[in-house]
Amino acid sequence: MSIDQETQITLAVKHLKSGHCVAIPTETVYGLAGRIDSDEALKAIFQHKMRPSFDPLIVHISNLGQIPALVKDWPLSADSLARRFWPGALTLVVKKSDAVSPIISSGLDTVGLRLPSHPVARALIERTGVPLAAPSANRFGRTSPTTADHVRVEFPEAIKSGAIQVLDGGPCHLGVESTVCRVTEDEVSILRPGGVTEEEIRAHFKSSDVPALQNVRVTRDVGHHSSPGHTEHHYETQKPLLVVWHLGVLPSPWKTLGDSIEIEGQHFVRTKFREITLSENPTLAARELYSKLREADLDPTSDALVIQRVIDSEAPEDGLWAAIDDRLKRAARRTVGIELLASPKWPSRSR
Ligand code: TXA
Ligand code: MG
């Protein structure tokens with residue numbers, strides 16, 4: 001860590017102590033953090049983000065010793081996931097203790113816990129001595145930030161007035177958010193796909209030498225009822241985004257799409273679309289996704305954005321692509337599938 005970062009952390013500890021918020025770098029995306037014991041800071045997080053109170057916050061910890069005070073139950077399955085994937089991009093939702101404010105849990109009886117791997121985030125939590133509640137540092141429903149500059153664009157007034165301090169830890173390495181799992185003794189249910197993949201979670205239990213863990217069921221429950229803030233329309237750009245999924249490389253998708261495309265009742269001509277190209281390597285595609293969306297949004301020569309997502313097969317979305325496709329589906333204001341069978345997995349929709 002640089003001397004400058006050490007100084008910023010010292011200032012951030014003070015800022016948090018006086019009930020303010022700090023934007024923190026994590027390996028996934030930047031978070032807007034407040035101390036879990038400060039109602040003032042917790043309320044400010046919701047206000048800055050314009051986030052509805054029904055959407056619970058993730059509690060970030062820096063060591064496993066902080067868990068007992070935060071939870072009512074800590075199933076063996078959760079413990080084994082924590083030891084395998086933490087520090088890292090995995091949030092474990094378990095029954096909460098009374099020490100977790102209802103502001104954090106949005107009145108639910110559970111809490112999401114995560115131990116991030118970014119050294120600046122961990123040092124800040126460690127030196128604060130109290131876990132930090134933090135959602136992604138963007139206005140509600142918008143694209144998540146993966147650089148300190150992205151955060152500055154989200155909250156210019158609050159940063160100017162000193163209400164939010166931005167801790168710059170460089171660009172985020174992963175680029176998509178953590179995988180959120182609800183965990184009980186015998187089931188792990190994925191509420192939001194993310195940086196730790198379903199395959200890695202399955203393989204972890206399968207290779208366990210503890211019989212009870214080998215039998216843990218891994219399921220998907222991706223929808224906004226189970227993860228209240230993960231709404232159908234989320235991660236949205238300012239300009240309308242069209243996502244085209246197609247099987248195999250096509251000479252040009254515009255042949256199918258035509259020269260004028262309707263999105264939410266408005267017509268956009270082909271030449272006014274800014275094309276965003278994703279890497280074929282999912283690690284790079286995830287890392288660059290939000291930066292590319294934000295950059296394209298600022299392009300004054302375009303009215304709309306388009307991403308072509310070439311897929312190899314209609315087999316289950318796997319690995320990191322599950323998280324990327326989930327974000328694309330929610331960010332898009334129109335999706336089109338070409339050469340694909342009608343499937344809820346690859347929805348063609350206009351709304
Ligand atoms: O990678 C991440 O998870 C980032 C970094 C900053 O840690 N955080 C993040 O937080 O993405 P946020 O608030 O933008 O998304 C957290 C998601 C929301 O959809 C929320 O509804 C869900 O996790 N969540 C949090 N606590 C929950 C709980 N107790 N039960 C169900 N879902 C929960
Ligand atoms: Mg978010």
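A word on ground rules. This is a predicted model, so local features need pLDDT of at least 70 and side-chain atom pairs count only at pLDDT 80 or more, while totals for chains, interfaces and linings use all residues. Residues are numbered from 1 along each chain as its sequence is written, chains are lettered from A and ligands numbered from 1 in the order in which they are written, and side-chain values use heavy atoms, with hydrogens and water left out.

Let's start with the domains. The chain divides into domain 1, residues 3–166, and domain 2, residues 241–341; these bounds come from an automatic or database domain assignment. Taken over C-alpha atoms, their centres are 31 Å apart.

How many residues of each domain are in contact with the other? Eight from domain 1 meet four from domain 2, where contact means heavy atoms within 4.5 Å. Together the two domains bury about 560 Å², with 51% of it on carbon and sulfur atoms. That buried area is the accessible area, with a 1.4 Å probe, that two parts lose on being put together, summed over both. On the domain 1 side, Thr143, Thr146 and His150 supply 67% of the area buried against domain 2, more than any other three residues.

What about polar links across that interface? There are four residue pairs in polar contact, both residues being at pLDDT 80 or more. A polar contact is a pair of N or O atoms within 3.5 Å; within protein, one must be able to donate a hydrogen and the other to accept it, and residues adjacent in sequence count only if both atoms are side-chain atoms. The rule also finds one salt bridge between the domains, meaning a side-chain nitrogen of Lys or Arg within 4 Å of a carboxyl oxygen of Asp or Glu. Arginine 294 pairs with glutamate 154, and their closest N and O atoms are 2.9 Å apart.

Now to two helices, which are DSSP runs of H or I with at least four residues; strands are runs of E with at least two, and both are numbered from the N terminus. Helix H4, residues 76–85, is mostly covered, with seven of its 10 residues buried. Buried means under 20% relative accessible area, exposed over 50%, and partly exposed in between, again with a 1.4 Å probe and protein chains only. The buried set in H4 is Ser77, Ala78, Asp79, Ser80, Leu81, Ala82 and Phe85. Their cover includes strands S4 (90–95), S8 (179–183) and S9 (187–192), plus helices H9 (198–206) and H10 (211–214).

In helix H6, residues 119–128, the buried residues are Val120, Ala121, Ala123, Leu124, Ile125 and Thr128. Just after H6, glycine 129 takes a positive phi of about 80°.

Finally, back to salt bridges: the structure holds 23. Arginine 35 meets aspartate 37 at 2.9 Å, N to O, and arginine 35 counts as buried at 13% relative accessibility. Arginine 152 meets aspartate 149 at 2.7 Å; these two are three residues apart in helix H7 (residues 148–154), so about one helical turn separates them.

Aspartate 299 and arginine 274 pair at 3.2 Å. This one links distant parts of the chain, 25 residues apart. Aspartate 299 is buried at 14%, whereas arginine 274 is partly exposed at 23%. And last, Glu177, Asp326, Arg327 and Arg330 join in a network of salt bridges. Thanks, everyone!
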